[in-house]
Amino acid sequence: MHQPAITGTGVFTPPEIITNEELVAAFNAHVDLWNAENAAAIAAGEVEAKAYSSSEFIVAASGIERRHVLDKSGILDPKVMHPWLRERADEEPGVMAEMGFAAARAALEMAGVAAAEVDLVICASSNHERAYPAIAVEIQQLLGAGGFAFDMNVACSSATFGIQAAADMIRSGSARKALVISPEICSAHLEWRDRDCHFIFGDVATAVLIEREGEAKGPRFVIRSTRCATEFSNNIRNNNGFLRRTRKGHMQDRRDMQFMQNGRKVFKEVLPMVSAHIAAHMAEDGVQAVDLKRLWLHQANKTMNDYIGRKVLGRDPEPGEQPNILQDYANTSSAGSIIAFALHSGDLAEGDMGLICSFGAGYSVGSVIVERRGGRCA
Ligand code: CO8
């Protein structure tokens, strides 16, 4: 058996940013248009008038201040309210492959590993831009990697489930150097016209390089253990899929073709599930709360993370002990905890332990306990 270790991480951040203020201004303009168009139905009591959104609500309810997106022009156009992405020829790299490639290059550079040495590429994301061929195989080709590649989807937990799959394969010897890549284009499956959720998501891509510890060229995070769990729930759901055209009315602008959630229920049901999951994982690995120097949690909601941090550590986390990035990135689905890990792990010292944990649709929870070896990053 080989000891797997994370030796590189990479984050591709789209340059365009939408602040809460810009988002709310566009949303409220959409509300004015929509209410004017539907004035007769509203007056007849057939539909409810849409209500304004507010930046104050968004920050208080979620902690989100801004988000990066691939295209803000369409999202902020009150007559469009979704991103515009250029259609690409089959011969060109797809959008997800391009973002994933950029993140993967950064992870390889950090680890000092050549792409040709990689023999496993997993594209682990909440949605894939096409059914096949797998995005992971396209990234494998763009990188010039060898071995094999496949896509997987466990919504917000895709990256941690991908890390478990890759780590297990490295342990057993069926792969030697693996990239777990999570390009998340949340802006394309978010309903920007729904004020309950229009502020929640952003776009990003992350990559994690995992290899045998003995082959690491510098500081690394040994993967001590992983734990994944799922429990079926309809509280976070997207009904879009390949059966769409088999159903009558499939061409209609249906709300359930985008992200839908019952946020309150998710909050109530997922928190105890995650707390119990982490406690069981720590007990299984013989890790105490005092051993954990850092928590890199899923980035959906600040209040949720504050709660989990207190539960896991048994006290209020110290500043920096449980870094949030959601104020700048919003929820980026599976990539969120990996961004936090990539941006806030370089200062940990030899022997320091930390926990990465994601949670979301499925429901799904994935956790990874890591230990720093080989000193701090330069
Ligand atoms: N502006 C002003 N008022 C608002 C707004 C708004 N934008 N939105 C709602 N309100 C109002 C509501 O109408 C409600 O009014 P009233 O009390 O009169 O009915 C009031 O504010 C309170 O609304 P909520 O109860 O909905 O507000 P919450 O405090 O619950 O906050 C949250 C909403 C932030 C959504 C919160 O519930 C939350 O964070 N829940 C957990 C969500 C979560 O973690 N989900 C995980 C999803 S991610 C995932 O699994 C990945 C899926 C795949 C990716 C998809 C990419 C698109």
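Me: Which residues does Ser126 touch, not counting residues up to four places away in sequence?

Reply: Contact means heavy atoms within 4.5 Å. By that test Ser126 touches Asn153, Ala155, Cys156, Ser158, Glu184, His189, Ser333 and Ser334, with residues up to four places away in sequence not counted. Ser126 itself sits in the loop between strand 4 (120–124) and helix 6 (135–143); helices (H or I, at least four residues) and strands (E, at least two) are DSSP runs, numbered from the N terminus. This is a predicted model, in which local features need pLDDT of at least 70 and side-chain atom pairs count only at pLDDT 80 or more, while totals for chains, interfaces and linings use all residues. Residues are numbered from 1 along each chain as its sequence is written, and side-chain values use heavy atoms, with hydrogens and water left out.

Me: With which side chain does the side chain of Ser126 make a polar contact?

Reply: A polar contact is a pair of N or O atoms within 3.5 Å; within protein, one must be able to donate a hydrogen and the other to accept it, and residues adjacent in sequence count only if both atoms are side-chain atoms. For the side chain of Ser126 the partner is the side chain of Ser333, at 2.5 Å.

Me: Is Ser126 buried or exposed?

Reply: Buried means under 20% relative accessible area, exposed over 50%, and partly exposed in between (1.4 Å probe, protein chains only). Ser126 counts as buried because its relative accessibility is 13%.

Me: How do I read the backbone of Ser333, and what is its phi?

Reply: Most residues other than glycine have a negative phi, and most peptide bonds are trans. Phi of Ser333 is near 55 degrees, a positive value in a residue other than glycine. Ser333 is in the loop between helix 10 and helix 11, and is buried, with a relative accessible area of 3%. Ala330 is also found in the loop between helix 10 (326–329) and helix 11. Phi of Ala330 is near 60 degrees, again positive in a residue other than glycine, and the relative accessible area of Ala330 is 0%, so Ala330 is buried.

Me: Which residues does a cis peptide bond join?

Reply: Pro133 is in the loop between strand 4 and helix 6. Another cis bond joins Gly362 and Tyr363, with omega about -10 degrees. Tyr363 lies in the loop between strand 12 (353–360) and strand 13 (364–373).

Me: Why is helix 11 described as largely enclosed by the rest of the structure?

Reply: The burial cut-off can be applied to each residue of an element. In helix 11 (residues 336–343), six of the eight residues are buried, so helix 11 is largely enclosed by the rest of the structure. The buried residues are Gly336, Ser337, Ile338, Ile339, Ala340 and Phe341.

Me: Now a charged side chain. Is Lys177 buried or exposed?

Reply: Lys177 counts as buried, because its relative accessibility is 4%. Lys177 is found in strand 6 (residues 177–185). A polar contact of 2.8 Å joins its side chain to that of Glu215. Apart from residues up to four places away in sequence, Lys177 touches Val113, Glu117, Val118, Asp119, Leu120, Ile210, Glu211 and Glu215.

Me: Which residues come nearest to the ligand?

Reply: A residue is near a molecule or strand if one of its heavy atoms lies within 4 Å of it. There are 29 residues around the ligand, and Ser53, Cys156, Arg264, Asn301 and Ala361 come nearest. Helix 8 gives the largest share of the shell, four residues.

Me: How many helices and strands does the chain have?

Reply: The chain has eleven helices and 13 strands. Of its 378 residues, 52% count as buried.
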